[in-house]
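Q: I have a structure on my screen and want to learn how to read it. Can we go through a few features together?

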Amino acid sequence: MKHIFTEGKKKGAPTLLLLHGTGGNEHDLLALADMIAPESAILSVRGNVLENGMPRFFRRLAEGVFDEEDLVFRTKELTDFVNDSANKYQFDRDHVVAIGYSNGANIAASMMYHHENALNGAILFHAMVPRRGVAIPELTGTSVFIGAGKRDPLIALNETKELAKDLEKANATVTEYWVDGGHQLVREEVEKAREWFEANYN
Ligand code: MLT
């Protein structure tokens, strides 16, 4: 997969897996990662699917309606890519924290829904429930920060709650942070994510 890898500045800090939103690329979240965890190594990946020229991590049938078959296939593809990258770049595979926005947050959540030990933690900005009716693997020891907008036109309040509940049922530790805005990522939740990261990984 098209990607950027940069070495971390601090030994023992988790590697960040950066996953952009629809229409983004592997450069999009670099500044964000620098705000949240400036000392971490970075693996920033570009989604392999194109929707009218816009990169995404999996196909959708309509806005918010996912192509499940492709979601499952792409989630495995990305998880395998992270495994291979850990070998290639020599980072600790058991110490990877995803930062995803929108479509990128959805595939990060999907990694946790489908694959055991896929992520050590995740910051999910404006994420949906990636899939329903599957048994989520055990997530004890996994910390998740969910940033959400109270007036997000794409994601109903209840869907974010459902996502948090699903992850908690699998024994993840979930922190929700709600902003007054919509689907857009705002400074305030980035700051909260930074505090959460410091509390959990320093
Ligand atoms: C998705 O397809 O993952 C969601 O609709 C979010 C988006 O990418 O806009």
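A: Start with what counts as near. A residue is near a molecule if one of its heavy atoms lies within 4 Å of it. Keep in mind that this is a predicted model.

Q: Which residues surround the ligand?
A: Ten names make the list: T22, R56, F58, R60, G64, F66, S102, N103, N106 and M128.

Q: How does that shell divide into nonpolar, polar and charged residues?
A: The shell has 3 nonpolar, 5 polar and 2 charged residues.

Q: Which side chains place a polar atom by an oxygen atom of the ligand?
A: For a polar contact, look for a pair of N or O atoms within 3.5 Å. T22 has a polar side-chain atom 2.4 Å from a ligand oxygen. For N106 the distance is 2.7 Å. For R60 it is 3.1 Å.

Q: How much of the ligand does the protein bury?
A: Compare the ligand alone with the ligand in place. Alone, the ligand exposes 260 Å². The protein buries 95% of that area.

Q: Which pocket does the ligand take up?
A: Its space is the second largest pocket.

Q: What about charged side chains?
A: Side chains of opposite charge can pair when their charged atoms come close. Here the count is 16 salt bridges. One of them joins R74 and D70, with N to O at 3.2 Å.

Q: Why are R74 and D70 about one helical turn apart?
A: Both sit in helix α2, residues 68–89. They are 4 residues apart there, so about one helical turn separates R74 from D70.

Note on methods. Residues numbered from 1 in each chain as written. Predicted model: local features only at pLDDT ≥ 70, side-chain atom pairs only at ≥ 80, totals over all residues. Heavy atoms only, no water. Polar contact = N/O pair within 3.5 Å; in protein donor to acceptor, adjacent residues only side chain to side chain. Areas by Shrake-Rupley, 256 points an atom, 1.4 Å probe, with all protein chains shown as cover. 1 Å grid on protein atoms, 1.4 Å probe; cavity = no way out; pocket = protein on both sides within 12 Å on 5 of 7 lines; lining within 4 Å. Sits in = over half its atoms within 2 Å of the grid points. Nonpolar A, V, L, I, M, F, W, Y, C, P; charged D, E, K, R; others polar. Salt bridge = Lys/Arg side-chain N within 4 Å of Asp/Glu carboxyl O. Helix = DSSP H or I, 4+ residues; strand = E, 2+ residues; numbered from the N terminus.
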